[in-house]
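Here's a quick briefing to read alongside the model. Have the viewer open and follow along.

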Amino acid sequence: MDFLTLLQILDSTLRLATPLLLACLAGLFSERSGIFDIGLEGKMLIAAFFSAAIAATTGSVWIGLMAGISASVVLALLHGLASITFRGDQLISGVAINFLAAGLTVLISEDWFQQGGRTPQLSGAARFNPITLPLTDTIGAIPVIGPIYTEVLSGHTILVYLALLAVPLTWYVLFRTRFGLRLRAVGENPGAVDTAGVSVTRLRYTAVIIAGILCGLAGAYLSTGFSAGFVKEMSAGRGFIALAALIFAKWRPWQALGATLLFGLLDALGTRYQNIDILGVNLPVQFMQALPYILTVIILAGFVGKAIPPRAGGEPYVKER
Amino acid sequence: MAMQTTEGRPDAAALSTEPAIELVGISKAFGPVQANKDISIRVMPGTIHGIIGENGAGKSTLMSILYGFYKADAGEVLIRGQKTEIPNSQAAISAGIGMVFQHFKLVENFTVLENVVLGAESGARLTPSLAKARKLLVELAREYELNVNPDALIEDIGVGMQQRVEILKALYRQAEILILDEPTGVLTPAEADHLFRILKGLKEQGKTIILITHKLREIMEVTDTVSVMRRGEMTATVKTAETSPEHLAELMVGRKVLLRVDKKPATPGKTVLEVENLSVTDIDGVQRLKDVCLNVRAGEILGVAGVAGNGQSELLAALGGITAGTGHVRLNGEEIDLTGRFSDGQSRRARGISHVPEDRQRLGLIMDFMAWENTAFGYHHDPAYQKSRLLMDNDAIRADTAKKMERFDVRPPDPRLKAKSFSGGNQQKLVLAREIERNPDLLLVGQPTRGVDIGAIEFIHQQIVALRDQGKAILLVSVELDEILSLSDRIAVMFDGQIMGERLPAQTDEKELGMMMAGMLKGG
């Protein structure tokens, strides 16, 4: 493997890791507050559709982004309503959201665009275009670091940088603010938060809405940054991989970055090396494509160690003494 | 004392005429159950006011109303003479009420400091809040003898320490009225004494303290005034100095109760249970029992004392066949299998070991099953319960259950009632009836009166003594020292998975046992 190939792989790693990272941070906020969220997938999907559809209709990717985020937040609120207000089962609510999104996106897009569940191809201002970071010429001249800067770091859409920026931001919010302290507490022992005079319901709704916004960004990135339009089922299990990454990261933001980059790398390798000969055996394309998912299972089964989820996770809060 | 207050603080005279907190005609019903009925109470500032009553008497409901968890159906709350609405905890905190719950409301993986600050932060950024709290915490700790390490994680500190954190939380929020709900349930006698010293210190600083408990001794020891609750009503409020434990017990139960267990001296026979170097290692690899040796003779009650979590549960579980262990256990001289195929509750029962588990709601009963179904458990192979090789004779089980319920005074005596519909005491009687009526050689019994009313405690104690007098061996595990001291013929004290020593009840006292329970005294 030469240096250029390596750079290309790293470049696509970053692109593939972005939606995972955003969704993973979404899950982090939600689950840290004690609300399990397996509906990341559905929220991403619906955001992907609405961003692309509205961007295609209005010609503005920004309006599309807002629409995508709104759609995701609506589903997030539905999850909140089911699991916080009505104290329902969070897993079932999440599953329902995934089904709802999968069905709704195809139904609406077929009715709207009649293109077999797709939206029209996006171009120009209707999608996020790559940004060239400043000083590429100057820094690009430096050996080794230069090409990494220009080939890997530069040339992504704004959402990629936003996702990377969200990591330190999440860390700061979680560990250095009042809101973060309360958020972590409510996921561990909502009783402690309640008796301290803080509303458990409001905190959890806030967390769920933040998760909705981040999933909205992830979905919008898929259809308007990573691709140029919506295709049905385009989230392709990324919401679940993000959940796996979240467990792998043990619900911590920097580790979430590491975990999603790892899954992004696996995905990039699978896409790049479609056919590999190992010891005379030709591995089929399908195997390489399945590799990230297989490795997800292996990593989660063997390498995570003891991942302790937030202690009050998955349980609706009922006042009691 | 009164002289001192008037001299020391000019406003004390004015304060002392007005109650710190007054409840007027509080009523609260849950469906058909009237949890609180027209309750009125006046708590004077700078006093410790005890509220005593049996389980289900409505103490906790009353306190929940005060802390904004429930809304009263009728009545009002006056704080320092002002009518105050308490719709939520935030309002209670603002009104100067601090609550120390029976089950602590702490975030286990947070530090002490973070727990104290939670909900009372001084700004959106955490760092300055924590710095400010740290300073205040040091001052409070010095002032009230409440020393804790602000940077320790809650899960790493003991329950006594955790309780201090709860008190600090309340003080940090500038509580003037401190309510403690069953505060000594998890403490060693020494820790309880420390707590009482803290409470007395708080009282001297002018704080008002409401102490909810079912332990008469605590009421007599620290309170100035005591209110008694029975079946949702406040039956009496008396000056502690002018009452006696016997009188309070009578007020609580509504009839005369025997507080001491009435029993003849034991006449121990041959050794029934021999335990030799019994060790248990749990699933995380932590050794919970370390080379425990003990024996129990026929016609004798061996009481195992200790603070919860020092291996007593594991001892019962290993002897009862619930967990595996290593070492030797002999029943009537015959080896008992500790790890193999025949190490389970079923085969233990077949050998004549009955087990009344510590946690009756988890291990003793299936709460959603009816009384007769629960009575069959563990003895479902009894030929008398079978109709044929395949079918059980449910009518026979029901009839048998009805008989047992009558003999053990389980109320209501209806075999078709679900286990969860009975009160704690009656659930316990149901389990005892099932196990004792099988005429075991050895009865393992854990926390027989946890969550049980005084009236039922008396009955349960009588049954255990009666079984002893029939020449059976009894291994009693309890965290209640009073119970251990009054029931046992011999006492073994456990600490950190080991037996610290044995004592005879007549030759020891709470102080010595307490030191052994804390691991500070070994021997015998």
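Chain B splits into domain 1 (15–96 + 176–187 + 194–259), domain 2 (105–175) and domain 3 (271–364 + 430–517), with bounds from an automatic or database domain assignment. Between domain 2 of chain B and domain 3 of chain B, the C-alpha centres are 38 Å apart. This is a predicted model, where local features need pLDDT of at least 70 and side-chain atom pairs count only at pLDDT 80 or more, while totals for chains, interfaces and linings use all residues. Residues are numbered from 1 along each chain as its sequence is written, and chains are lettered from A and ligands numbered from 1 in the order in which they are written.

**Where the chains meet**
- Chain A puts in 19 residues and chain B 25 residues, with contact meaning C-beta atoms, placed from the backbone, within 7 Å.
- On the side of chain A that touches chain B, helix 8 (178–188) and helix 9 (190–195) of chain A each give two or more residues; helices are DSSP runs of H or I, at least four residues, numbered from the N terminus.

**A:Ile97**
- A:Ile97 sits in helix 4 (residues 90–113) of chain A.
- Why is A:Ile97 counted as buried? Because A:Ile97 has 25 C-beta neighbours inside 10 Å, and the cut-off for buried is 20 or more other C-beta atoms within 10 Å of a residue's own.
- Leaving out residues up to four places away in sequence, A:Ile97 touches A:Gly39, A:Gly42, A:Lys43, A:Leu75, A:Leu78 and A:His79.
- A:Ile241 is 144 residues from A:Ile97 along the chain, and their C-alpha atoms are 17 Å apart.

How values were computed. Contact = placed C-beta atoms within 7 Å. Buried ≥ 20, exposed ≤ 12 C-beta atoms within 10 Å, placed from the backbone.
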